[in-house]
Amino acid sequence: RASFDANDVETVLKICDCLLRNPEPFPEWFRGETAFETAGETPAEMKQMILAFPVSKQNQLKATGQGYDAYNTQKSSLALLVHVFSNLTNDAVDDGAYRVIAERLLRYIKESTEISKGDSGILELVSHVSRDALDSSALDSATQPTNQPPATQPGAMSFRFGAATCVAFGKLVASSTMPGDDLSQVFELAVAVLGNAMLLRGRCDGGGTGDPSSALWKAACRAFHFVIQKGLPAVKKWPSASGGLDGSVRIWLSLATTFESFVLRDRCFADENTSGTTEKELAETEQLDRDTLRVLRDVLLSKLGTDLDADVVERLVDVFAGGVDSGFSLAEVSRLSLTSAEVSRLAKEDSCYEKHDEFSVTSSEESTQASQNAFPIQCLLNLRDLAVASQVSTKVAKHAVPALLAKCESSLRRYSAETVESDDSDDLVTSAARACVAASALAKVLKGPNDHSSQPPATGWFRKETPFSIFENQCTPEYRAALRDALGKCVGSSHPRLADEAHRALDALNEFEN
């Protein structure tokens, strides 16, 4: 059909709800005892039937609890919902059809996140997101048909189905026709539900190729980015739709907790679950980390950062500060070790620089790229941006500047300490990478804004506070002395790039003091 009115939407939702919850036409595929009895077979006989299936089909049963290609039925139903919300009549939009469809999709994501997995029972999530939002009566009432909803077959609410639903929800949020007040109304629920699904990362067995939970948290993370980018401006423009002042407080507390829980998770524990992960999947995961940090940085750099309470700003900035101190993944350490070893080899062989100058430059660039892609380094770079960006609010800069200075000094001192105390080459490589970026960040912030003519006078009662003036106040003589000592120890580093960056930072410090 070319368009759907409110009655059409209600009908389609009922049909899709039935298909999504009951996609399996052959109940004898189910593994539960109730399903065995329904099929008229004993558990032992059914087990023999399942063992007779091809290995690929057995793996599908174990992973999803589905036998017949029920997932295709669910995908077709979701595609129908996408088609419906892309072709709503104006009256249906005015009646809140977008909101109803959004809440229905969030209901499916919530149920898929909480499914049982294999024989391990119900998946227990230690969720730190807003439990009130997850269990809100609005979600319970608005997303269910007015009559008795159909029963849900075992395995219907699967991780794989949840991932597909996240994709559909992302398309809904990205739709240019979705009214801002509808998006504002569902924003708190979306943050809670998607944040809960994102916490599946590292909490399930596996994580490598074929792990269904991996697809769900990744899809939820992408949808979360869409929701932040489009939803926060909508919440600001239509505050009453999201609950007014009380709703705003809940939203920002929930966002802060979601970023904290996802970004500052136990990365060492996550590393233990990456066996069997392909290079493509690893690159995808690392890109999601970088995108999440970028989304958080952009929130703080936007005008929204000026409206936040100081405690929320502090928590969001601390996400970056905490990430700087997090561990490097095994893959990050491996890349850093390989590029660092090549650069060090070239530095010791003067003839190599003379005969293969182009190759040496390429190796140095590869080393820079490898270090800057590492998660702790990304956190430090984003923290630097919050401290030096011209558009950052003073409210954000008051937290970002001291955090940056503290992390830069500690990164430099950590390298100096590990060159004396540590025999682990991996520790030295990661410490050198962190210290190198810290020195570079210090050089940039010490030089101040490019346009000095636009800066207010250095004295006077009515001097306007800026991010750079905040930096000047924080950069006390005592701090500069400590910084000079830490940089001095790095100038003689055996890592060529670190020595160069430390030298540049010292020059910038001398210029700043003069």
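**Salt bridges, a helix pair and cysteines**

Arg 294 is partly exposed, with a relative accessibility of 32% (buried means under 20% relative accessible area, exposed over 50% and partly exposed in between, with a 1.4 Å probe and protein chains only). The model is a predicted one, in which local features need pLDDT of at least 70 and side-chain atom pairs count only at pLDDT 80 or more, while totals for chains, interfaces and linings use all residues. Residues are numbered from 1 along each chain as its sequence is written, and side-chain values use heavy atoms, with hydrogens and water left out.

Arg 294 forms a salt bridge with Asp 298, and the closest N and O atoms of the pair are 3.9 Å apart (a salt bridge is a side-chain nitrogen of Lys or Arg within 4 Å of a carboxyl oxygen of Asp or Glu). The two residues are 4 residues apart in helix 15, so about one helical turn separates them (helices, H or I with at least four residues, are DSSP runs numbered from the N terminus). Asp 298 is partly exposed as well, at 33%.

By this rule, the structure has 27 salt bridges. One of them links Arg 335 to Glu 286, with the closest N and O atoms 2.9 Å apart. Because Arg 335 belongs to helix 17 (residues 330–348) and Glu 286 to helix 15 (residues 279–301), this pair ties together parts that are 49 residues apart in sequence. Glu 286 is buried at 11% relative accessibility, whereas Arg 335 is partly exposed at 29%.

A further salt bridge joins Asp 485 and Lys 489, whose closest N and O atoms are 3.7 Å apart. Both lie in helix 24 (residues 477–491), 4 residues apart, so about one helical turn lies between them. Asp 485 is partly exposed at 36%, and Lys 489 is partly exposed at 49%. Elsewhere, salt bridges with shared partners connect Asp 291, Arg 294, Arg 297, Asp 298, Arg 384 and Asp 385 into one network.

Turning to helix packing, the axes of helix 21 (residues 394–421) and helix 22 (residues 425–447) come within 8 Å and cross at roughly 145° (axes are lines fitted to C-alpha atoms, for helices over the stretch in contact, and angles run from 0 to 180 degrees between N-to-C directions).

Finally, the structure holds 0 disulfides (a disulfide is a pair of cysteine sulfur atoms within 2.5 Å). Among the cysteines, Cys 16 is buried at 1% relative accessible area, and Cys 221 is buried at 0%.
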